[in-house]
Protein chains: 2
Amino acid sequence: MPKEVLFNEATVLQKATELFWHKGYNGTSMDDLTRATGLSRSSLYNSFGDKHSLFMRCLNYYLSDQEKSLMQAVGGTSSPLKKIKIAFKYMVDVILRDDKRDGCLMVNTTTELSNVDEEVGTLVLQNTDAMEHLFQQWVKEAQQQGEISKTFTPQAIAKHLFNTYSGLRISGQARPDKKSLDDIVKVALSVLG
Amino acid sequence: MPKEVLFNEATVLQKATELFWHKGYNGTSMDDLTRATGLSRSSLYNSFGDKHSLFMRCLNYYLSDQEKSLMQAVGGTSSPLKKIKIAFKYMVDVILRDDKRDGCLMVNTTTELSNVDEEVGTLVLQNTDAMEHLFQQWVKEAQQQGEISKTFTPQAIAKHLFNTYSGLRISGQARPDKKSLDDIVKVALSVLG
DNA sequence: AAGTATGTGGAACGAATGTTCCAAATAAAG
DNA sequence: CTTTATTTGGAACATTCGTTCCACATACTT
């Protein structure tokens, strides 16, 4: 019965995500979004709701995409310690490839909105927990296999790792220099030894 | 000859800074600023230039204020290692007192603007260098006095410390929990041992 | 006391904001 | 072929945006 949807939803979300990523939530206008996606205002509102709803869709799109990439990066190894090392090597690579210096959409959103937007705050917290949980699992396994010393609890190390990751996105935005980032990772991961 | 200025410049800058800090640059309107400072639009423009100029003034005001506080916090000791430890203890305290969860204006500004605003990007880089230089100096002295192992270069450790600080502002914005932040600091500073 | 230079409040500006509305277009169902 | 359901483009909306302007208030100089 209905006229078919002419656009690819994933493509639109990708374009919108890139824009929010580059200019932030408040820095991005609906006009920007129509231009970037090629959709008219009515199509955007009809398919994705208002600006805030679209933004939440983009955040979730971004998160699932990031998770997929990270899992793919560490997929090659079974050693939990190597997974951690590969993960950070991968993150540094991503930062160095970020030639627009847009950083991490999740970190950007944390600083821009988590204190004034409850819905965003909840999502940020969920993601933080998920990341920490992932790191904690790897650390726990690594400690059981004797790859990592048991000086600190898996939870404490996991929080440190996530903290280091968040910091890397800030450091990388100020000066995306391979040597600097490698140094940070080297020192930060030395606590595992 | 002229009518005197009726307001206290530092007070106005403080109010404006608080607002930018809480809502971000793009999230703060000139209307917000007139209400918060009590000044009329024309007074604001006459005394501080346009919105962007005022923002830059606020950033510098914030930085000098932060530096003063940090120096005061570590002023009591002559041991460079203790300075580092006290500095991080102080930072955690600041984060826990930040009941609005506004984070760090400098970190917030880095993620919001450093990729699209060259003037801001320059200031961010200057501040990053200054902070790293400060840490590096302390580490160098501590290594010379045998307080810190020489496993890593002062530069690498300094970058790690600043990275940890930046991360703490993100972590603290997601979940400002004393135990979590203490854990992060404990693990991150263990590389000094 | 008059002149003058500057700060102040508030109105006013055009442009941009997020959102809504409607007529036209389209494709499946009857 | 007509009907029906949905998407689409673009005009239109009120509101807010950053900024400018001007008449008035004020305090120093002469």
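Between domain 1 of chain A and domain 2 of chain A the count of salt bridges is zero, a salt bridge being a side-chain nitrogen of Lys or Arg within 4 Å of a carboxyl oxygen of Asp or Glu. This is a predicted model, in which local features need pLDDT of at least 70 and side-chain atom pairs count only at pLDDT 80 or more, while totals for chains, interfaces and linings use all residues. Residues are numbered from 1 along each chain as its sequence is written, chains are lettered from A in the order in which they are written, and side-chain values use heavy atoms, with hydrogens and water left out.

**Fold of chain A**

- Chain A has nine helices and zero strands, where helices (H or I, at least four residues) and strands (E, at least two) are DSSP runs numbered from the N terminus.
- The C-alpha trace of chain A spans about 60 × 40 × 30 Å along its principal axes.

**Domains of chain A**

- Chain A is divided into domain 1 (1-58) and domain 2 (75-192), with bounds that come from an automatic or database domain assignment.
- The C-alpha centres of domain 1 of chain A and domain 2 of chain A are 29 Å apart, and the contact between them (heavy atoms within 4.5 Å) takes 10 residues from domain 1 of chain A and 13 residues from domain 2 of chain A.
- The two domains of chain A bury about 980 Å² between them, 59% of it on carbon and sulfur atoms; buried area is the accessible area (1.4 Å probe) that two parts lose on being put together, summed over both.
- On the side of domain 1 of chain A, Trp21(A), His22(A) and Met56(A) lose the most area to domain 2 of chain A, together 52% of what that side buries.
- Across this domain interface the rule finds five residue pairs in polar contact, both residues at pLDDT 80 or more; a polar contact is a pair of N or O atoms within 3.5 Å, where within protein one must be able to donate a hydrogen and the other to accept it, and residues adjacent in sequence count only if both atoms are side-chain atoms.
- Helices α1 and α4 (51-74) of chain A each supply at least two residues of the side of domain 1 of chain A that touches domain 2 of chain A, and α1(A) gives the most to that side, with four residues.

**Interface of chain A and chain B**

- In this interface 43 residues of chain A are in contact with 44 residues of chain B, and the two chains bury about 3600 Å² between them, 60% of it on carbon and sulfur atoms.
- The rule finds two salt bridges across the interface of chain A and chain B; Arg175(B) forms a salt bridge with Asp129(A), with the closest N and O atoms 2.7 Å apart.
- There are also 15 residue pairs in polar contact across the interface of chain A and chain B, both residues at pLDDT 80 or more.
- On the side of chain A that touches chain B, α1 (9-23), α6 (105-113), α7 (118-144), α8 (154-174) and α9 (178-189) each supply at least two residues, and α8(A) gives the most, with 14 residues.

**Helix packing in chain B**

- The axes of helix α4 (residues 51-74) and helix α6 (residues 105-113) of chain B come within 10 Å and cross at roughly 145 degrees, the axes being lines fitted to C-alpha atoms over the stretch in contact, with angles that run from 0 to 180 degrees between N-to-C directions.
- Phe55(B), Leu59(B), Tyr62(B) and Leu63(B) in α4(B) meet Leu105(B), Met106(B), Thr109(B) and Leu113(B) in α6(B).
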